[in-house]
Structures are given as C-alpha cells and as structure tokens.
Amino acid sequence: MVTIQKKAVEGVTDEMALVHAAKRGDLEAFSQLVNRYDRNIFRIAQHITHNEEDAQDVVQDAFLKAYQNLEQFQENSKFYTWLVRIAVNEALMKLRKRRTDRTVSLDEDVETEEGSMPREVADWSPNPEQLYGQSELGDILKKTIQGLPPGFRTVFVLRDVEGLSTEETAEMLGLSVPAVKSRLLRARLQLRERLARYFKSKRDGDGHQ
Amino acid sequence: MKCNDFLKELSDYLDGKITEGLKAELDEHLHWCHECHVVLNTTKKTIEIYRDNQIYELPDPLRTRLHDAIMSKCRNAKQHKKDV
C-alpha cells in the first residue's frame, strides 16, 4: 500500500513537473502529457458526441486549447481534471452543432422520470458476455448508452467508466455533488433497464429485442 | 424500508459510501425483497460490463496521427506567439 501511495504521489509530482516545463514552452513535456491522457479524452469525447470524426476533432481541439491556455491553469486541481473540463465543453459544442435545436447542455433532460422505477426484474447478471460475441456486445453497449441524455451519460462515463470520484466529476462538469449523485443513479438505472431488454430477450431465446 | 427508499440509496450502497447502520437496514430489505436484490445485481453488472468492455478504444495508427496533428498545431501556436 505504501508503495502504491508513493507511486501515486510521484506520478502527481512528475505530472506537475511536466506541466511546469510545458508552461515554459517545452513542447516535449506537453507531448508527454498528450500521451498520458489522449486515450481517456478520446473515449470521453466519443461517449458524448457518438461520432468518431467529432471525437477526433475534440481530442485535437482540447489539447491545443489546453496548450494555449496553460498559463491560466492555476494548479489548484489536477491537470487531468482541468483538461477533461475543456474536452467536455468542446464535445458538447460539437454535439450542439450536429443538432438542429442547438440546445444541448448538461442540464438537458434531467427531469425525465424514465428509469426511476425498475420494470425489468429478471436476473441476467451472471453471464451476459457469454451470450454475445465481442463486437455484438460492443454494439449493444454503444446503442444502449447512446440513448441516454448527454447529462446522464457524461456523468456515468466519468464516474463509472473512467473511475473518477464524485467530487472530481462535479468539479469537471461544474455541477454540485448532489447533482452528480442524482444523475449517476438515474444513468445507472436507465442503462440497467435498457440492457435488461436485450439480455432478457436473448436469454429467452428469441435473440431479438 | 420500502423499495423506493432502497433505490434512492442504491448508488451509495454500490459505491460502499454508506454508514454501517444504513447498510444493515438495506441488507435487511435485500434479505426479503427479491426484486431489489435483482436490481442491485444487474445494476452492479451494468457498471462492470461498461468498465470491462471499453467500447471506444483509440487504435494505434489513429493515435499516432492525432498526436502528430496536435503537436504540429501546438508548434504553430508557439511560433505564432513568438512572432506577435
């Protein structure tokens, strides 16, 4: 445990050293920061935009913006937290451009009651992965999460896929901790409900929704 | 405790962020409520399945291309700043 904690501390120190070097104009240091977080930023951008081309743009724009505004990074949060906040904003802007109503925000659809009460209560938990091939399962997971409102899926992705804390997620999204908790609960329940429809029908043997 | 009360605490229960007292109450509810037991198991599995099956991986060739594009834009920005 001591070793893990020590490594984590070294990681943060190391990261701050890279940030300081990048602030002084060291591009190699910034390149290392890109290598450290590009996969995470791509995943988050894909989850929000559901469009690979947009996600690629978000990765590029977020890192460029971070580089150009490094001097404004106050260092009272982690670099990654600051970077994700930039990336989420870029991704929401992309989503807005793709939509005709242009009203996408993290607050959208939060009042929906869908999924608050579970309807599907068959237990499919033991082995849904074994019912599908990897790519078929991937398609189901994508379709399912794409159906969630942006404000819900962003919270779910940061908390449950990227493994960030509730407090970090709140800071990244500019939301209160209770708002993050409420969205996370509803996102989890809605995803569960939607996955249940797939997995139940497969278990029942018809293979269709 | 009713099912609604259990559902409100479901996330914190899964995250292990509840007091011993509340956990005992929720466990008591789970003991007799099959539906909440299933909802708990399947919600836990929902989280695990998304965590374990990364559906949007960045392929290496694309990663290299993006990295080159980012660094080229940053170099231009740095040069532009110098020129100004």
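Of the 84 residues of chain B, 21% count as buried. This figure comes from a predicted model, for which the predictor reports an ipTM of 0.89 and a pTM of 0.84 for the complex. Within chain B, the mean pLDDT is 92, and 99% of the residues reach 70 or more.

Chain B is built from five helices and zero strands, giving the pattern α-α-α-α-α along the sequence. Its radius of gyration is 24 Å, well over the 12 Å that the globule rule gives for 84 residues, so chain B is more spread out than a compact globule. Taken along the principal axes, the C-alpha atoms of chain B fill a box of roughly 70 × 30 × 20 Å.

Several of its residues are buried, among them B:Cys36, B:Val39, B:Leu40, B:Thr42 and B:Thr43. Further along helix 4 of chain B, the buried residues include B:Lys45, B:Thr46, B:Ile47, B:Ile49 and B:Tyr50.

We turn next to the contacts between the chains. Here, 30 residues of chain B are in contact with 40 residues of chain A. On the side of chain B that touches chain A, helix 2 (10-14), helix 4 and helix 5 (60-83) of chain B each supply at least two residues. Helix 4 of chain B gives the most to this side, with twelve residues. By class, the side of chain B that touches chain A has 15 nonpolar, eight polar and seven charged residues.

Chain A also has two assigned domains, domain 1 (2-98) and domain 2 (128-204). Their centres, taken over C-alpha atoms, are separated by 23 Å. Twelve residues of domain 1 of chain A are in contact with eleven residues of domain 2 of chain A. Helix 2 (27-49) and helix 4 (79-98) of chain A each supply at least two residues of the domain 1 side of this contact, and helix 4 of chain A gives the most, with six residues. The residues on that side of domain 1 of chain A divide into six nonpolar, five polar and one charged.

Methods:
Residues numbered from 1 in each chain as written. Chains lettered and ligands numbered in written order. Predicted model: local features only at pLDDT ≥ 70, side-chain atom pairs only at ≥ 80, totals over all residues. Buried ≥ 20, exposed ≤ 12 C-beta atoms within 10 Å, placed from the backbone. Helix = DSSP H or I, 4+ residues; strand = E, 2+ residues; numbered from the N terminus. pLDDT = per-residue confidence, 0-100. Rg over C-alpha atoms; globule rule 2.2 N^0.38 Å. Contact = placed C-beta atoms within 7 Å. Nonpolar A, V, L, I, M, F, W, Y, C, P; charged D, E, K, R; others polar. Domains from an automatic or database assignment.
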